[in-house]
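Hi everyone, thanks for making the time.

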Number of protein chains: 2
Amino acid sequence: MYAKNLIVSSTLAALALTSSARADDPLPSWNDGAAKQAIIAFVQATTTQGSPQFVAPAERIATFDQDGTLWVEHPMYSQVMYCFHRVDVLAKAKPELKNQQPFKTVLSGDLEAIGKLTMDDLVKILAATLTGMSVDQFQADVKDWLATAQHPRWKRPYTELTYQPMQEVLRYLRANGYKTYIVTGGGQDFVRVYAEQVYGIPPEQVVGTAGGTKYGYDKAGKPFLTKEPKLLLNDNNAGKPEGIHLMIGRRPYAAFGNSTGDQQMLEYTKAGGGARLAMLLLHDDADREYAYGPAQGLRDTKVGTFTQALYDEAKTNGWTVISMKNDWKRVFAFEQ
Amino acid sequence: MYAKNLIVSSTLAALALTSSARADDPLPSWNDGAAKQAIIAFVQATTTQGSPQFVAPAERIATFDQDGTLWVEHPMYSQVMYCFHRVDVLAKAKPELKNQQPFKTVLSGDLEAIGKLTMDDLVKILAATLTGMSVDQFQADVKDWLATAQHPRWKRPYTELTYQPMQEVLRYLRANGYKTYIVTGGGQDFVRVYAEQVYGIPPEQVVGTAGGTKYGYDKAGKPFLTKEPKLLLNDNNAGKPEGIHLMIGRRPYAAFGNSTGDQQMLEYTKAGGGARLAMLLLHDDADREYAYGPAQGLRDTKVGTFTQALYDEAKTNGWTVISMKNDWKRVFAFEQ
């Protein structure tokens, strides 16, 4: 009886341990490895009272690039897809656009020709589709598009194509007193429309490429803001630490990116005192997502590229490279 | 014995009531009146579950002008005093400035001549004293100055000249789930140096007039940001709602100001749906602080003025005017 009880107890204890280990794992979609360990060690070092690297709660800032770091950026940034959609809508109201470049090319749907558009062409498209309307109208338009637009590969809304392991990191950091920010090269106003629902990140914690607005009054005397074609912050490359200073005013303790567009944010974060976490996501998983980067050949996104030099800087500066293929148990929440 | 007990009990009960009324009063430095009632009614309407004007916690944003709303702005904005101090420091390093305008005038100490400096002169002074150094150096310089600089009338650090009734409003709103922001015409980087210590408002909740920064590396390869003479946001007048959109991305539910520089922020706040609180502080207390505004003659600060038109707009639009003289039991924490 004693022996039997012992066996039952041991089994129950083992079960309890397993279950408790699972319940206690803040990053269940991560495989055990250097990347997962780096995140957990960083959180423990900076949030355990008495730790020499303890960080006061008010100072706990973590910044995340969005496209390619929190969600899929292939084959095209979602915001570019939105702009192309808006060109369609605009052309319905102003048919003369059909004969004007660069709109004619966009409307042709010829992906090869679209791929050859110049930066000047893109600026014209951005100005036509992202400015001139009220802030409220813009938010409503983006919301409408997000409700119906689908990613061509997964046939799901873009908002479902966030990386489950990164969602876990966001929640884990917040549970430990970190304020999580998006610091994106994408449009600040665009990302703010869905960041709260998709990532639990409120608009005031989204830093992005930002244009000016203009205050005015409607016919009834009610004030409103109009989006202006005036660039205030290009939140890429050096613009990321500059944007962090403008919008947050503190150096992050942790930063996550995936391209040269994030290089300076990672450098700036890592250059602070105490424990700092800089992580770089390597897309090396063509089966579950995409493969691009030093091992897979380079890709020029016109904004950021994962180059060999970036990979080398990561190794030299103590950043941690996350291998999507090896470090992630699953990529999306909808996978079982 | 019974009668005596009854008297003792009644007295104790009365004392307890008085003490409890005091302990429960979130705004003890305010006299009972329309202004205090407006604040309390607003908080109750927007934070009581089931109230038709209930506001979700994430949406609770309150914005405060700083100079003249949270602390004394007379006889000169503290930041202007700082810039003049820095001209002194600069002239020690570069004696040739003593013969160059507008620095010569500032160094003369001739208040009448200083009062006649043009906006162009001021821009030169601001560029020379607020830009060209690293962000870290600037913060250290401001901290040093704040530790020794005194207001000419009270002979106290500027950081002690905050209005105690407004400190109570900040705490009361935060205790009810509001995120409190400073939205100031003053320099964002300047105010961020002390806002956390003085108001409990962290750097990321300070919106102000902001210049660009430039990312670079020191000789050891360590990255740092340099303050640039490039204006990104003039956070006055229409710049206040524009700055709120840029930095917060939500319309405030409550806003506090004291001049035409705050007009558009108050209009924008009040134009939102549901319960919105817009309050305008009238400086009508020459004894305890200063008197300026429609009843006392106008004052042109080059940035904001409390005009008759502003007073009229307040009355028409349902803003609440706070009379410093009548609504405040005490002005500063150091008063008994």
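Quick housekeeping before that. This is a predicted model, so local features need pLDDT of at least 70 and side-chain atom pairs count only at pLDDT 80 or more, while totals for chains, interfaces and linings use all residues. Residues are numbered from 1 along each chain as its sequence is written, chains are lettered from A and ligands numbered from 1 in the order in which they are written, and side-chain values use heavy atoms, with hydrogens and water left out.

OK, chain A. Its secondary structure comes to 13 helices and eight strands. Those are DSSP runs numbered from the N terminus, with helices being H or I over at least four residues and strands being E over at least two. There are 336 residues in chain A, and 53% of them are buried. Buried here means under 20% relative accessible area, exposed means over 50%, and partly exposed is in between, using a 1.4 Å probe and protein chains only. The accessible surface of chain A is about 15100 Å², with 54% of that on carbon and sulfur atoms; the areas come from the Shrake-Rupley method with a 1.4 Å probe, and for residues only the protein chains shown count as cover. Now contacts, meaning heavy atoms within 4.5 Å. Take the contacts in chain A between residues at least 6 apart in sequence: 66% of them join residues at least 24 apart.

A:W154 gives us a local example. It sits in the loop between α7 (135-148) and α8 (164-175) of chain A. Is A:W154 buried or exposed? It counts as buried, because its relative accessibility is 17%. Leaving out residues up to four places away in sequence, A:W154 touches A:V72, A:L161, A:R288, A:E289, A:Y290, A:F332 and A:F334.

On to the interface. How many residues of chain B are in contact with chain A? It's 38, and they meet 38 residues of chain A. Together the chains bury about 3200 Å², 52% of it on carbon and sulfur atoms. That's the accessible area (1.4 Å probe) that two parts lose on being put together, summed over both. In chain B, the residues losing the most area to chain A are B:E204, B:Y215 and B:H245, together 21% of what that side buries.

The rule also finds 26 residue pairs in polar contact across this interface, both at pLDDT 80 or more. A polar contact is a pair of N or O atoms within 3.5 Å; within protein, one must be able to donate a hydrogen and the other to accept it, and residues adjacent in sequence count only if both atoms are side-chain atoms. On the chain B side, the elements giving two or more residues include β2 (179-187), α9 (188-199) and β3 (206-217).

Now the charges. Side chains of opposite charge can pair when their charged atoms come close. For a salt bridge we need a side-chain nitrogen of Lys or Arg within 4 Å of a carboxyl oxygen of Asp or Glu. Over all chains the count is 26, and six salt bridges cross the interface of chain B and chain A.

Look at B:E204 again: it forms a salt bridge with A:K179, closest N and O atoms 2.8 Å apart. B:E204 is in the loop between α9 and β3 of chain B and A:K179 is in strand β2 (residues 179-187) of chain A, so this pair joins two chains. B:E204 is buried at 7% relative accessible area, whereas A:K179 is partly exposed at 22%. There's also a salt bridge between B:K179 and A:E204, at 2.9 Å, N to O. And a network of salt bridges links A:E59, A:K179, A:R250, B:E196 and B:E204.

Last stop is B:T180, in strand β2 of chain B. At 1% relative accessibility, B:T180 counts as buried. Its side chain makes a polar contact with the side chain of B:R174, at 3.0 Å.

That's my tour, so over to you.
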